[in-house]
Amino acid sequence: MAQQKINNKMNMPRPSWMWIYGVIIIFIVGYWMFGPGNGVPVKSDWNTVAQMIEQGDVEKIQVVNRDLAEIYLKKDAADRYRKDAVDPRFRNMPETGAQLTFNIGSVDTFRQDLDKVTAESGNKVVLVYENRENSWTSILLQMLPWIIIIGGWFFLMSRMSRGAGGGAGGIMNVGKDRAQVFDKENSKKVGFQDVCGLEE
C-alpha cells in the first residue's frame with residue numbers, strides 16, 4: 001500500500017509554468033500600452049488651444065490626415081496644466097507625445113485662425129502635416145519587435161523543455177526527482193549460473 005502511494009505521487013503531473021509566462025507577457029504588453037506616459041491625448045477645441053498659444057504654452061501642432069490636430073505643449077506648461085484644478089481633464093495629459101487633440105474641419109480655415117493668433121500674440125508655433133495609416137496598423141508595427149522577442153523566447157523554452165538543447169531530458173529537467181522505489185522482494189537476483197561462460 002505504501003509503495004502504491006509513492007508510485008502515485010511520483011506519477012502525478014507536474015504543474016505547468018506556461019501560465020507564469022502568460023502573466024509576464026500580459027504585464028509587459030499592458031505596461032507598454034497603458035503605462036505612465038502612454039495615455040490618450042485629451043479631447044479639446046480650438047478656443048482652448050488658442051488661449052494656450054496666446055500664453056506661449058504650445059510648442060508644436062501636428063495636423064493628421066488634414067482633419068485632426070495634435071497639440072504638443074511645452075514640458076513646463078504640460079506639467080502646470082496637469083496640476084490645474086479648474087479643468088480635471090488636464091490631469092490625464094500624457095507625458096509623451098501629443099497632450100491635446102481636436103478636429104479642425106477645414107485646413108484653410110484652421111491655418112488662417114492659427115496665423116491670426118500667432119501674429120497677435122507674437123508666439124510662434126511649429127506646424128507640420130502628416131498622413132497617417134490606420135491606427136491599428138501602427139500599433140501592430142510598434143508591437144512587432146515585442147512579438148518577435150516573445151515568440152523566440154517561447155520557442156527556446158519549448159525546445160529546452162523537450163530536451164532538444166541537451167541530453168538527459170534537457171535543461172528544464174534539471175533538479176527533477178528521478179528517484180525510484182527499490183523493492184528487495186521483487187528485485188532480480190543474479191547467480192553464478194547466470195554469468196557462467198560470459199566474457200568479462
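Tutor: In this predicted model, two strands count as paired if DSSP finds at least two bridges between them.

Student: What makes β2 and β5 a pair?

Tutor: Five bridges join strand β2, residues 58-64, to β5. The cut-off is at least two bridges, so β2 and β5 pair. The two strands run parallel, and Ile 61 stands opposite Leu 127 in β5.

Student: What is the strand order in the open sheet?

Tutor: The open sheet has five strands in the order β1-β4-β3-β2-β5, and its pairing is mixed.

Student: Why are β1 and β5 said to stand at the edges?

Tutor: β1 (42-43) and β5 (126-130) each have a single partner strand, so one side of each is left without a neighbour in the sheet.

Student: Which strands does helix α5 lie across, and how does it run relative to β5?

Tutor: Helix α5, residues 107-121, lies across β2, β4 (100-103) and β5. Its angle to β5 is about 170°.

Student: How many helices and strands are in the protein chain, and what pattern do they follow?

Tutor: The protein chain has seven helices and five strands. Along the sequence the pattern reads α-α-β-α-β-β-α-β-α-β-α-α.

Student: What share of the protein chain is called buried?

Tutor: Of the 200 residues, 25% are buried, where buried means under 20% relative accessible area.

Technical notes:
Residues numbered from 1 in each chain as written. Predicted model: local features only at pLDDT ≥ 70, side-chain atom pairs only at ≥ 80, totals over all residues. Heavy atoms only, no water. Helix = DSSP H or I, 4+ residues; strand = E, 2+ residues; numbered from the N terminus. Contact = heavy atoms within 4.5 Å. Axes fitted to C-alpha atoms, helices over the stretch in contact; angles between N-to-C directions. Buried < 20%, exposed > 50% of the residue type's maximum accessible area, 1.4 Å probe, protein only.
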